[in-house]
Amino acid sequence: MRRREFITLVGVAAVMGPSPTRAEQTRKLPIIGFLGPAWSAQDFEDRLRELGWIAGRTVAIEYRSAEGHTERSNEIATEFVRLKVNVIVTVGGSPTLAVKRATSLIPIVSISGDPVGSDLVASLARPDGNATGLALNPISLAGKRLELLREVVPGFRRLSVMVNANSPGFKNRMDEVQAAAAALGLEATILEIRRADDVASAFEALRDRADALYAVGVPLTFAIAPRALSARIPTMFEYREFVDAGGLMSYGVDATHLWRLAATFVDRILRGAKPADLPVQQPTKFDLVINLKTARALGLKVPESFLLRADEVVE
């Protein structure tokens, strides 16, 4: 309940906006512009608090979400520049590039797939600009994720891959997934989505044509998980939050670890460090999470050995 309560409070604060009194109190505080999902806010703020940055007292945080709409990312980026925020935190390739186009001066802490390939930074070791952060895709885990699916899904031969086609470098990721699928003898079908509304038609396209679904990156909507469950399709996600929403399993970066690292970057920047001097980091901690309730609903028997290897079992 703690995470849900926090997200609710963030949403209420975003709707109500700052009162004149609150605005007066926070006017001189450094401002963080946060463009990302609400579920990440708690871990981010917890780490900031440990570092001495308390929301509303020593720092102001402006939370925004593009909700899967590219044009909204552009609007939010422009808004952050107008607000003269001190640092911008972004998640995903499209929002990050929207912010990068909007400003070459405000420091950016990005959590994105391939910051070098998308020209966000010059190199991981030497960002050489106003952006730094965490790079996720250089660590290729596609093969591992498909192997995990094969352990649980009997007769797994047909794979559908759902990807946000707005993401910079998504074609390279698809090449990686298709190569991993071919190595395992799987037939892979790519489903490109560009808006949250595309998910329904994508599921119509894969009806009775997939033994499992792999959602690459951060999907545009949590609705993918319950829709797949209704269609009786086992799913693999890269983030455990989608397992909470009804997905079968996830294997990827520990989200808490990820947001704590992002907060550490923000701390260093607010204390005077320049993004160009902060090498981009690659996470090293990965978790396997499986939803047993979903497995039972799909009629899957998860091997005991698999459960013993899981970092978390959702029941």
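**Reading a helix and a sheet**

Reader: Which residue takes a positive phi just after helix 11?

Author: Gly272, at about 115 degrees. Keep in mind that this is a predicted model.

Reader: How many residues does helix 11 have, and what should they span?

Author: Count 1.5 Å a residue.

Reader: What caps the N-terminal end of helix 11?

Author: Asp254 does. One of its side-chain oxygens sits 3.1 Å from the backbone nitrogen of Thr256.

Reader: Which residues of helix 11 are buried?

Author: Buried means under 20% relative accessible area. In helix 11 the buried set includes Leu258, Trp259, Phe265 and Ile269. Asp267 is also among them. Across the protein chain, 51% of the 315 residues count as buried.

Reader: Now the sheet. How do strands of a sheet pair?

Author: Through backbone hydrogen bonds, either parallel or antiparallel. Here, an open sheet of five strands pairs in parallel, in the order 2-1-3-4-5. Strand 2 (60-64) and strand 5 (131-135) are the edges, each pairing on one side only. On average, neighbouring strands of this sheet are turned by 15 degrees against each other, direction ignored.

Reader: Over how many bridges do strand 3 and strand 4 pair?

Author: Four, between residues 87-91 and residues 108-112. Thr90 stands opposite Ser110 of strand 4.

Reader: Which strands does helix 3 touch?

Author: Helix 3 (residues 41-50) packs on the sheet and touches strand 1 (31-35), strand 2 and strand 3. Its direction makes about 165 degrees with that of strand 2. Helix 4 (residues 70-83) lies across strand 1, strand 2 and strand 3, at about 160 degrees to strand 2.

Terms used:
Residues are numbered from 1 along each chain as its sequence is written. This is a predicted model: local features need pLDDT of at least 70, side-chain atom pairs count only at pLDDT 80 or more; totals for chains, interfaces and linings use all residues. Side-chain values use heavy atoms; hydrogens and water are left out. Helices (H or I, at least four residues) and strands (E, at least two) are DSSP runs, numbered from the N terminus. The expected span of a helix is 1.5 Å times one less than its number of residues. Buried means under 20% relative accessible area, exposed over 50%, partly exposed in between (1.4 Å probe, protein chains only). A polar contact is a pair of N or O atoms within 3.5 Å; within protein, one must be able to donate a hydrogen and the other to accept it, and residues adjacent in sequence count only if both atoms are side-chain atoms. Two strands pair if DSSP finds at least two bridges between them. Axes are lines fitted to C-alpha atoms, for helices over the stretch in contact, and angles run from 0 to 180 degrees between N-to-C directions. Contact means heavy atoms within 4.5 Å.
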